[in-house]
Amino acid sequence: MTENGLQSQLRGFGIDVGGSGIKGALVDLNTGQFIGERIRIATPKPATPDAVADVIAEITHRFEWDGPVGITLPSVIQQQTAKTAANIDKSWIGTNVPDLFTHHLPGQEITVVNDADAAGIAELHFGAAKDVEGLIVLLTFGTGIGSAVLYNGILVPNTEFGHFELDGMDAEAYASAAVRKREDLSWSEWAARVSTMLRGMEKFFWPELIIAGGGISRRYEKWMPDLDIRTPIVPTELRNQAGIVGAAYAAANGIRP
């Protein structure tokens, strides 16, 4: 294999679509680390499919990338079609993402993954879930609560644990990171809410490990010691890079939920 061929094989490219920003980076697929700096562009308002696709195409061109592109969306993804839309325009629902990009990135192979599932893929291959057998649940705490389920190295896609019902409301309306900020909860008060959510989840599942992600995982020492649950819990190792890394890995390895 040529040097250029080897380099191409070991690199990937991922883009993470969020409610406030769209981020992209080249990824070393041996280590799960970024190659160089990421690029971030504000998410357009409204975040319609074509408007978001324009930004993704701009980021891709700025990296001069012509290989497979992995994209995360805050959506349930079935057969590469968005079935829900959280923090992006509702017109995404029903959009076949690879078809959308035939006009924005012609000739490039597109893979789309739910954002929490992408983080789960990254942690499975490069982070806290690596070499852990059994059932693992990853939860991302942000505006809502995303989830990924991993079993013996296999992703079970499109779980929605943030919609567990607690006291007549979605779990994410009770215990998301945004709720902590909005209601000015102390770390211990918020940890009590997260514990209630996780104990509810534990009634139905017996995971070997829970991995907590999202921006709030950077401050895990403020709240994890106060959790009252039976399952071991650790923060994500890749932190906010996990979505990009997981998307790049999925695109390079043909993982299409």
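**Salt bridges, a mixed sheet and a covered helix**

In this predicted model, Asp228 forms a salt bridge with Arg199, the closest N and O atoms lying 3.7 Å apart; a salt bridge here is a side-chain nitrogen of Lys or Arg within 4 Å of a carboxyl oxygen of Asp or Glu. Asp228 lies in the loop between β13 (209-213) and β14 (233-235) and Arg199 in helix α7, so the pair ties together parts that are 29 residues apart in sequence. Helices (H or I, at least four residues) and strands (E, at least two) are DSSP runs, numbered from the N terminus. Asp228 counts as exposed, at 52% relative accessibility, whereas Arg199 is partly exposed, with a relative accessible area of 36%. In these terms buried means under 20% relative accessible area, exposed over 50%, and partly exposed in between (1.4 Å probe, protein chains only).

As for the basis of these values, residues are numbered from 1 along each chain as its sequence is written, and side-chain values use heavy atoms, with hydrogens and water left out. Because the model is predicted, local features need pLDDT of at least 70 and side-chain atom pairs count only at pLDDT 80 or more, while totals for chains, interfaces and linings use all residues.

By the rule above, the count comes to 3 salt bridges. Helix α7 (residues 187-202) also holds Arg193, which forms a salt bridge with Glu183 at 2.8 Å between the closest N and O atoms. This pair links distant parts of the chain, 10 residues apart, with Glu183 in the loop between α6 (177-182) and α7. Arg193 is buried, at a relative accessible area of 18%, whereas Glu183 is partly exposed at 39%. The loop between α6 and α7 is also the place of Asp184, an exposed residue with a relative accessible area of 66%. Leaving aside neighbours within four places in sequence, Asp184 is in contact with Val179 and Glu189, contact meaning heavy atoms within 4.5 Å.

The salt bridge between Glu58 and Arg62 has its closest N and O atoms 3.5 Å apart. Being 4 residues apart in helix α2 (residues 49-62), Glu58 and Arg62 are separated by about one helical turn. Glu58 is partly exposed, with a relative accessible area of 39%.

Turning to the strands, an open sheet of 5 strands has the order β10-β9-β8-β13-β14, with mixed pairing; two strands pair if DSSP finds at least two bridges between them. Its edge strands, β10 (154-156) and β14, each pair on one side only. Neighbouring strands of this sheet are turned by 25° against each other on average, direction ignored. Axes are lines fitted to C-alpha atoms, for helices over the stretch in contact, and angles run from 0 to 180 degrees between N-to-C directions. The pairing of β13 with β14 is parallel, over 3 bridges, and the bridge partner of Ile210 in β14 is Ile233. Helix α4 (residues 115-126) packs on the sheet, where it touches β8 (135-141), β9 (145-151), β10 and β13, and its direction makes about 40° with that of β9. Helix α7 packs on the sheet too, touching β8, β9, β13 and β14, with its direction at about 145° to that of β8.

Helix α8 (residues 242-252) is mostly covered, 10 of its 11 residues being buried. Among the buried residues are Ile244, Val245 and Tyr249. Their cover includes β1 (11-17), β2 (21-28), β3 (33-42), β4 (69-73), β7 (110-114) and α4. Just after α8, Gly254 takes a positive phi of about 65°.
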